[in-house]
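Please keep the sequence and the model in view while reading.

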Amino acid sequence: MVKYFTNFQENIVGNIIGGLTSSIVAIAYGLTFSNLIFSGQMKPWSGYGLAATFLAMAIGSGVMALRSSIPFVIAGLDGATAAVTASLVAALIAKFGARE
């Protein structure tokens with residue numbers, strides 16, 4: 001554990017650049033997936049969907065960072081899961097209809 005933190009301090013610039021890069025990609029994924037899921041009749045609630053997506057992404061990434069035995073693991077959203085969720089939401093809206 002001490003060796004990891006010593007290595008972290010030696011590569012601080014590389015770690016910051018890697019963290020910023022993965023953050024930018026994660027934000028782009030979050031925007032895309034929330035817009036995919038909250039499209040069509042769900043568009044009025046897209047703000048809530050965006051907040052829920054970012055919150056879930058932050059909690060999931062934090063848990064993975066704290067609980068992982070591999071120090072360089074980066075957790076994030078999965079495109080296949082977002083596509084399946086979007087199709088499920090579309091099917092539910094088609095069946096029950098959106099209330100405005």
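Q: Which residues does Thr53 touch, not counting residues up to four places away in sequence?
A: This is a predicted model, in which local features need pLDDT of at least 70 and side-chain atom pairs count only at pLDDT 80 or more, while totals for chains, interfaces and linings use all residues. Residues are numbered from 1 along each chain as its sequence is written, and side-chain values use heavy atoms, with hydrogens and water left out. Thr53 is found in helix α3, where a helix is a DSSP run of H or I with at least four residues, numbered from the N terminus. With contact taken as heavy atoms within 4.5 Å, and residues up to four places away in sequence not counted, Thr53 touches Gly30, Ser34 and Leu77.

Q: Is Thr53 buried or exposed?
A: Buried means under 20% relative accessible area, exposed means over 50%, and partly exposed lies in between, with a 1.4 Å probe and protein chains only. Thr53 has a relative accessible area of 14%, so the residue is buried.

Q: At what angle do the axes of α2 and α3 cross?
A: Two packed helices are described by the angle between their axes and the distance between the axes. Axes are lines fitted to C-alpha atoms, for helices over the stretch in contact, and angles run from 0 to 180 degrees between N-to-C directions. Helix α2 covers residues 12-37 and helix α3 covers residues 46-67. Their axes come within 9 Å and cross at roughly 140°.

Q: Which word describes the orientation of α2 and α3 to each other?
A: Angles under 35 degrees count as roughly parallel, over 145 as roughly antiparallel, 65 to 115 as roughly perpendicular and the rest as oblique. The term for α2 and α3 is therefore oblique.

Q: Which residues in α3 are met by residues in α2?
A: On the side of α2, the contact involves Ala26, Ile27, Gly30, Leu31 and Ser34. In α3 they meet Gly49, Leu50, Thr53, Phe54 and Met57.

Q: Which residues is Ser34 in contact with, leaving aside its neighbours within four places in sequence?
A: The place of Ser34 is in helix α2. Ser34 is buried, with a relative accessible area of 2%. Leaving aside neighbours within four places in sequence, its contacts are Gly49, Leu50 and Thr53.

Q: How far apart are the axes of α2 and α4?
A: Helix α4 covers residues 79-96 and packs with α2 at an angle of about 20°. That angle makes α2 roughly parallel to α4. The axes of α2 and α4 are 8 Å apart.

Q: How far apart in space are Ser22 and Gly76?
A: Ser22 is found in helix α2 and is partly exposed, with a relative accessible area of 23%. Ser22 and Gly76 are 54 residues apart in sequence. In space, C-alpha to C-alpha, their separation is 9.1 Å.

Terms used
Helix = DSSP H or I, 4+ residues; strand = E, 2+ residues; numbered from the N terminus.
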